[in-house]
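Please look through the sequence and the model below before reading on.

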Amino acid sequence: SEYLMPVKLGDLKDGGSIYQFNRIGKGCLSYLVESNGEAAIIDSARTIEAYEDFAKENNLEIKHMIDTHLHADHISGGRKLAEKTGATHW
């Protein structure tokens, strides 16, 4: 239930891409937007390894962590990942 499957949703108009991370066991969704070697993660799951691995495999630096709301269905890993990577937590 902790597995996060990244799926590319599409390319951005001015370069970069957006990916959806689907926590299949729970149906929770988070997102990674990348451009010019930098990434922003939106509404991360508690387990952060999938985002770290994806960033490393794709030569991305995680610069921003964005939590859009409090999650009733899961605990966010945004603060933990921001502390670990030096990203700004919004």
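Aspartate 11 is exposed, with a relative accessible area of 58%; exposed means over 50% relative accessible area, buried under 20%, and partly exposed in between, with a 1.4 Å probe and protein chains only. Aspartate 11 forms a salt bridge with lysine 8, and the closest N and O atoms are 2.8 Å apart. A salt bridge here is a side-chain nitrogen of Lys or Arg within 4 Å of a carboxyl oxygen of Asp or Glu. Lysine 8 is partly exposed, at a relative accessible area of 45%.

This is a predicted model, in which local features need pLDDT of at least 70 and side-chain atom pairs count only at pLDDT 80 or more, while totals for chains, interfaces and linings use all residues. Residues are numbered from 1 along each chain as its sequence is written, and side-chain values use heavy atoms, with hydrogens and water left out.

The protein chain has two helices and six strands, arranged along the sequence as β-β-β-β-α-β-α-β. Helices (H or I, at least four residues) and strands (E, at least two) are DSSP runs, numbered from the N terminus. Of the 90 residues of the chain, 37% count as buried. The accessible surface of the chain comes to about 5500 Å², and 51% of it belongs to carbon and sulfur atoms; such areas come from the Shrake-Rupley method with a 1.4 Å probe, and for residues only the protein chains shown count as cover.

The structure holds three salt bridges. In another of them, the side chains of lysine 84 and glutamate 52 meet at 2.9 Å, N to O. Lysine 84 lies in helix H2 and glutamate 52 in helix H1, so this pair ties together parts that are 32 residues apart in sequence. Lysine 84 is exposed, with a relative accessible area of 57%, whereas glutamate 52 is among the buried residues of H1. Glutamate 61 and lysine 63 also form a salt bridge, with the closest N and O atoms 3.9 Å apart.

Which residues of helix H1 (residues 49–57) are buried? They are Tyr51, Glu52, Phe54 and Ala55. These residues cover an arc of only 165° around the axis, which puts them on the same side of H1; the arc is that of the directions from the helix axis to the C-beta atoms. The face turned away from this buried side carries the exposed residues Lys56 and Glu57. The buried residues of H1 pack against E1, strand E2 (17–23), strand E3 (28–35), strand E4 (38–42), strand E5 (61–66) and helix H2 (78–85). After H1 comes asparagine 59, whose phi is positive, near 50°.

The structure also holds three aromatic pairs. Tyrosine 19 and phenylalanine 54 form an edge-to-face pair, 4.8 Å centre to centre with 65° between the planes. Rings of Phe, Tyr and Trp (its six-membered ring) pair if their centres lie within 6.5 Å; planes under 30 degrees apart count as stacked, over 60 as edge-to-face and the rest as tilted. Both tyrosine 19 and phenylalanine 54 are buried. The rings of phenylalanine 21 and tyrosine 51 have centres 5.0 Å apart and planes at 45°, so this pair is tilted. Phenylalanine 21 lies in strand E2 and tyrosine 51 in helix H1, so the pair ties together parts that are 30 residues apart in sequence. Tyr19, Phe21, Tyr51 and Phe54 form one aromatic cluster.

Note on methods:
Contact means heavy atoms within 4.5 Å.
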